[in-house]
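Subject: Structure handover

Hi,

Here is the structure I promised. Please open it alongside this message; my notes follow below.

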Amino acid sequence: MEAVNEYARHREFDFSDENFRAVVDAIYRIAGISLSDRKENMVYSRLARRLRKLNLNNFTDYLEYVEVDDEEKKAFVNSLTTNLTHFFREDHHFDYLTETLFPDIFARKLSRIRFWSAGCSTGEEPYTLAMVWEHLKNKPANIDFKILATDLDTNVLEAGRQGIYSVDKLAPVDEQYLRWFKQTSQCTPNQKQVSKLLKKPIHFKQLNLMDEWPISGPFQLIICRNVLIYFDKKTQEKLIRRYHSLIEPGGCLILGHSESLGATRGLFENIGKTIFRKIG
Ligand SMILES: C[S@@+](CC[C@H](N)C(=O)[O-])C[C@H]1O[C@@H](n2cnc3c(N)ncnc32)[C@H](O)[C@@H]1O
């Protein structure tokens, strides 16, 4: 606690409790994100960058500006999202796709497969799905496979569309998949870009999960990992019900390792570590 107070004393800008409350209310209202008091220093340091950039000298003016300027509202939201992700994160989920979900789909002779990566961040999750798809042996011909990849944060979506990653981000990628990453003219010496083949099935789109969804489904898979943890229980359950309505019967919802269905558990059967199959 001492350390926190010490940190607060040396701040460049005043950041009152009232300012912090105003940020907490605004990000909840806009994005459904619940920020606890423990996030105060994080909020300060991320937003102080915006004040510096805009040459403002206090948070009260900044927060008023956010309310009237749509571009700054976007930057405010982008500053407060947490975008940590990596390729093949929780790789047991991708084993499940290879070993069970895809074979089941092929057995049903579907001509159209739709996945949704909701809260896709910088693209590692949808590109992992595309790698798993490309790597499948004996795929039936002419299947129309598409991945919708959405996020609220416009910066991470742009990074996902570019598909350029530093070489150290490729560490979790097994050797057999590395052929889909190439050094292109857009890369610096320690970067690689995903191939056109991996990009092809993915459609990146900005979507705030709190808003209306111009999406019709049905999906064979919705993967929404490490997103619900930022929302309160009521919002989590509302979202899971909305996902449920877009998943086809027998289709899957995959959550992150620390997320659960809560009161909506009766809608799905738990068939693996945070892998749920829609009942009915
Ligand atoms: C920690 S990342 C998870 C990335 C990836 N799914 C994974 O598990 O590796 C959480 C993402 O959720 C997004 N997010 C937060 N609130 C959102 C909202 N209201 N609508 C859409 N996306 C949101 C953030 O922008 C962030 O990119």
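Which residue of strand 8 does Ile-223 stand opposite? Ile-223 faces Ile-254 there. Bear in mind throughout that this is a predicted model.

**Strand 7 and its partners**

Strand 7 spans 219-224. Six of its six residues are buried, so the strand is mostly covered. Five bridges tie strand 7 to strand 8 (residues 247-255), and the two run parallel. Strand 1 also runs parallel to strand 7, with three bridges between them. On that side, Phe-115 stands opposite Leu-221 of strand 7.

**The core**

The largest nonpolar core has 60 residues. Leu-221, Ile-222, Cys-224 and Leu-253 have the most contacts inside it. Domain 1 (2-80) and domain 2 (91-278) each give this core at least three residues. Take Ile-222 and set aside its neighbours within four places in sequence. Ile-222 is then in contact with Trp-116, Ala-118, Tyr-243, Leu-246, Ile-247 and Leu-253.

**Two domains**

The chain divides into domain 1 (2-80) and domain 2 (91-278). Their C-alpha centres are 31 Å apart. Seven residues of domain 1 are in contact with eleven residues of domain 2. On the domain 1 side, helix 5 (residues 70-80) gives the most, with three residues. That side divides into three nonpolar residues, three polar and one charged.

**Backbone points to check**

Most residues other than glycine have a negative phi, and most peptide bonds are trans.

- Ser-121 is not a glycine, yet its phi is positive, about 50°. Ser-121 sits in the loop between strand 1 (112-118) and helix 7 (124-135). Ser-121 has 24 other C-beta atoms within 10 Å; the cut-off for buried is 20 or more, so Ser-121 is buried.
- Asn-142 also has a positive phi, about 60°, although it is not a glycine. Asn-142 lies in the loop between helix 7 and strand 2 (144-151). Asn-142 counts as exposed because it has 6 C-beta neighbours inside 10 Å, and 12 or fewer is the limit.
- Gly-217 and Pro-218 are joined by a cis peptide bond, with omega about -5°. Pro-218 is in the loop between strand 6 (202-206) and strand 7.

**Leu-198**

One more residue to look at. Is Leu-198 buried or exposed? Leu-198 counts as buried, because 22 C-beta neighbours lie inside 10 Å. Leu-198 belongs to helix 9 (residues 196-199). Leaving out residues up to four places away in sequence, Leu-198 touches Tyr-127, Ala-130, Met-131, Glu-134 and Trp-180. Arg-179 is 19 residues from Leu-198 in sequence and 11 Å away in space, C-alpha to C-alpha.

Best wishes

Conventions. Residues numbered from 1 in each chain as written. Predicted model: local features only at pLDDT ≥ 70, side-chain atom pairs only at ≥ 80, totals over all residues. Helix = DSSP H or I, 4+ residues; strand = E, 2+ residues; numbered from the N terminus. Core = buried A, V, L, I, M, F, W, Y, C linked by C-beta atoms within 7 Å. Domains from an automatic or database assignment. Contact = placed C-beta atoms within 7 Å. Nonpolar A, V, L, I, M, F, W, Y, C, P; charged D, E, K, R; others polar. Pairing = 2+ DSSP bridges.
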